[in-house]
Amino acid sequence: MHSEIMKPKKKVRGGVLVSHEKNTKDMPVKRIPAPETVTLPMRQHIGAPCVPTVKVGDLVKIGQVVGDSDQFVSAPIHASVSGKVIGVKEVKLSSGLVSQAVIIENDGLNTMADFEPPKIDTKEDFVKAVRASGLVGLGGAGFPTHVKLNVPPDKKIDTLIINAAECEPYITVDYRECIDNSWDVYGGVRLVAEMLGVDNVVIAVEDNKPEAIDILTKIAAKEDPDNKVKVMPLQSKYPQGAEKMMVLSATGRKVPPGKLPADVGCVVMNVASAAFIARYCKTGKPLTSRSLTVDGSAVVNPQNLRVPIGTEIDYVFKACGGFKEEPEKIICGGPMMGMAIVDTHHPLIKSNNALLAFTKDDLSIKEETDCIRCGRCAKACPLSLVPTRIHDYAVAHDVAKLQHAGTMVCMECGSCAYSCPAGKPLVQYMRRAKQIIREEAPKK
């Protein structure tokens, strides 16, 4: 029996062809020793930050809750090492935001909290269990997963889409999840589909990952006689992995501006998130570590690592042998949507999926010149925006025109800036334009 290989329903508009640079694709994830201290920010996801539930001097175990919130769009934070709380204070994150954080001194004993698999009889039980696990989107967005799975009764979900595209250059941890933990992936997929009550599951993988496609297809063929789970190879084109692009490819449906996939009958979940759910439901161990790719021309020994959440970025680079020479640029995330950082003493959080460091010789920085109205940015935009127009309105602080131009629809994928021969930092202008709207638009 053969599982069906699904063709995309609709071709995604725009996008750019980027160099894949998947240098670590053949490197299984390696777990590194925990550091002497971890710093656990209370702001690790989209939504309300957590409030510390421990105080200085408390002894904690791995998996113990150290931060939580009574807000719905939030997820608890768990200790990633056992030891003593030596600080509860504000720290700066790699994003530039300031957050309260719990600092734990590792006692080296790796003492685990008492875990047991969650009892799940209903969808409500499942959503509560996912929240208790502390899971947020592991693909980089950081949206609390239980919120995504708690679909309102008025929205009928008929399709679950598992995002294994991993279209950003360099990053390979989702690919390794498909290869090394394929049964967890499949188990998580079936569990989520059952809880959502959907019969149509699409696992979307870019076609530059044939081994992942082959493994997942064979598992589905063996375990899914009803052919409910389909593997969909996607053209290797950035930003195929964006949520709205996934929905369009898998179903042919367009998510309207300001709406979510659930509004068109879909739930989209990262492949590593699905695999984690399967493991959590077997063991009850919450999210205390994550996998990430460490790569770039400045890194001595690029590899995929499993790292305790709250580990200092500098410690992770040192686990890879440090730097060949002083990096010219360090990026937290991928080169297209990641954020450049100037300080490696920030802690890693749940949504960090890569650390990249590059030498000066490996960087190509264009000198900004005047726009020549070539239209390449508009052609590259997957959401049919005209970035140069938004740029001009932002410079003029014209809120009405910024709103009319669809500024808030932009997902900041960077395709426009990548395509611009004038070297204009269009993503930064897009962010500034959004800020202008938020600050100056009339309040309803």
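**Exercise 1.** In which helix do Lys318 and Asp314 both lie, and how many residues apart are they? Describe the contact between the two side chains as well.

*Solution.* A word on the model comes before the steps. This is a predicted model, in which local features need pLDDT of at least 70, side-chain atom pairs count only at pLDDT 80 or more, and totals for chains, interfaces and linings use all residues. Residues are numbered from 1 along each chain as its sequence is written, and side-chain values use heavy atoms, with hydrogens and water left out.

- Step 1: Both residues belong to helix α8 (residues 313-319), four residues apart, about one turn of the helix. Helices here are DSSP runs of H or I with at least four residues, strands are runs of E with at least two, and numbering starts at the N terminus.
- Step 2: Lys318 and Asp314 form a salt bridge, with 3.0 Å between the closest N and O atoms. The term means a side-chain nitrogen of Lys or Arg within 4 Å of a carboxyl oxygen of Asp or Glu.
- Step 3: Lys318 is exposed at 56% relative accessible area, whereas Asp314 is buried at 15%. Buried means under 20%, exposed over 50%, and partly exposed in between (1.4 Å probe, protein chains only).

**Exercise 2.** Work out where the salt bridge partners Arg431 and Glu412 lie.

*Solution.* 
- Step 1: The closest N and O atoms of Arg431 and Glu412 are 2.8 Å apart in this salt bridge.
- Step 2: The pair links distant parts of the chain, 19 residues apart: Arg431 is in helix α13 (residues 426-440), and Glu412 is in the loop between α11 (399-404) and α12 (415-419).
- Step 3: Arg431 is partly exposed, with a relative accessible area of 32%.

**Exercise 3.** Find the surroundings of Ser99.

*Solution.* 
- Step 1: Look in strand β8 (residues 98-106), which holds Ser99.
- Step 2: Ser99 is buried, with 4% relative accessible area.
- Step 3: Its contacts (heavy atoms within 4.5 Å) include Pro41, Arg43, Lys89 and Leu93, leaving aside residues up to four places away in sequence.
- Step 4: A polar atom of the Ser99 side chain lies 3.2 Å from the backbone nitrogen of Arg43.

Key:
A polar contact is a pair of N or O atoms within 3.5 Å; within protein, one must be able to donate a hydrogen and the other to accept it, and residues adjacent in sequence count only if both atoms are side-chain atoms.
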